[in-house]
Amino acid sequence: MGLKILGTGYYLPETVVTNEDFTRIVDTSDEWIVKRTGMRERRIASEPTHVMAEEAARRAIENAGMSPEDIDLILCTTVTSDYITPSLACIIQGNIGAKNAVAFDINAACAAFVYALDMAHMYLQNGYKHILIVSAEGLSKITDYTDRSTCVLFGDAAGACIVGWGDGEFKSVLGSDGTGAHTLFARRPLNDVPFVTQVDPQSVDHFPDVNRPGVLYMDGREVYKFAVGAMSKALLGACEKAGLQPKDLDLIIPHQANLRIIQSAAKELGLPLERFYVNIDRYGNTSSACIPVALAELNAQGALVPGKKVGMVGFGAGLVYGGCVFTL
Ligand code: UT7
């Protein structure tokens, strides 16, 4: 059984930050950022993550011609929830009035939308009918704006879709490599506890002691190497399971971490770059929101034509990756 996209929505904060804006706070240039990443602009939110998430969710429900009561499961992906607990999914469920929905979050960093689709596919087999997936990221909350090698990369956004049963097949490949966990992380600040002096997990895990708690650290070169391999491995694996060749895919929606990573994957898979949807120039890397925002943009353009074969692929902190293919 396959999976059908019944509706999509996305939300972008109003504030646009250009490459030129970064030249005023760190030692960088528009030329370096464009050449090394393909990024030109990104959005930065003043609103909390859940506000972006709810707006994207409402738009997806409206686009599907449904009401919040029709949703029976909400899966949210985020690494920047406003609350440690409850889940972002429960906050959305309450605020949009999806009173019949079970709601919880998934943490798989930038690959999480693909993980959520995979999980939705399993829940559909379990009897759920209309599953709302919301991926919302306020990465500006965890970005170190004194670190030029990471701060230019990230933006804020939320994307959502509703999925139900469809014809055709949904096939996926997920993978994790925790030995690379130290290459991309943000650690939680320690709490002040009156009875003990807590051991900083960083000191026993031997993660690099390079930045303050609460902001992202990334070994860009290591993650880059992982990403290029993971992109083709995940897409090829999903195609193989579906009995397809990469060339059979009409459209590929990749995670938008670096245009050069997408170009390398296209080359490795023997596909023209035009087959890959790219909006990295406008929004930068919005972690798990990249793919659903792209999906919603494509839907608004009328590009999600029934019968077309689509591939999605993501990778990120963990390290994790995930790819899937299905027929629209
Ligand atoms: O979504 C999660 C997954 N994330 C990713 O997949 C990101 C993967 N990594 C990358 O996309 C790239 O590694 C980066 C875009 C982060 C960095 O590009 P790079 O070509 O790998 O640069 P680099 O780290 O090798 O640095 C090359 C030089 C360094 O200077 P030196 O040591 O050669 O003098 C950096 O300090 O570029 C310098 N540099 C910058 N220069 C100007 C790093 N960031 C900047 C900057 N502006 N913003």
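Author: We take the ligand and then the salt bridges. Keep in mind that this is a predicted model.

Reader: Which residues come nearest to the ligand?

Author: Begin with the list of neighbours. There are 23 residues around the ligand, and T28, R36, R221, N258 and N285 come nearest. By type, the shell holds 11 nonpolar, 7 polar and 5 charged residues.

Reader: How much of the ligand's area does the protein bury?

Author: Compare the ligand alone with the ligand in place. Alone, the ligand exposes 940 Å², and the protein buries 76% of that. Two or more residues of the shell come from each of α2 (30-37), α6 (148-151), α8 (220-242) and α9 (259-269). The largest share, 4 residues, is from α8.

Reader: Why is the ligand said to lie between domain 1 and domain 2?

Author: Check which domains supply the shell. Both domain 1 (2-167) and domain 2 (171-180 + 214-327) give residues to it, so the ligand lies between them.

Reader: Now the charged pairs. How many salt bridges does a search of the whole structure find?

Author: Side chains of opposite charge can pair when their charged atoms come close. The search finds 13 salt bridges. One of them joins the side chains of D27 and R148, with N to O at 3.7 Å. D27 is in the loop between α1 (19-22) and α2, and R148 is in helix α6, so this pair ties together parts 121 residues apart in sequence.

Reader: Is D27 buried or exposed?

Author: Read the relative accessible area; over 50% counts as exposed. D27 has 62%, so it is exposed. R148, at 48%, is partly exposed.

Reader: What separates K225 and E222 in helix α8?

Author: Count along the helix. K225 and E222 are 3 residues apart, which means about one helical turn. Their salt bridge has its closest N and O atoms 2.9 Å apart. K225 is exposed at 55%, while E222 is partly exposed at 36%.

Notes:
Residues numbered from 1 in each chain as written. Predicted model: local features only at pLDDT ≥ 70, side-chain atom pairs only at ≥ 80, totals over all residues. Heavy atoms only, no water. Near = heavy atom within 4 Å. Areas by Shrake-Rupley, 256 points an atom, 1.4 Å probe, with all protein chains shown as cover. Nonpolar A, V, L, I, M, F, W, Y, C, P; charged D, E, K, R; others polar. Domains from an automatic or database assignment. Salt bridge = Lys/Arg side-chain N within 4 Å of Asp/Glu carboxyl O. Buried < 20%, exposed > 50% of the residue type's maximum accessible area, 1.4 Å probe, protein only.
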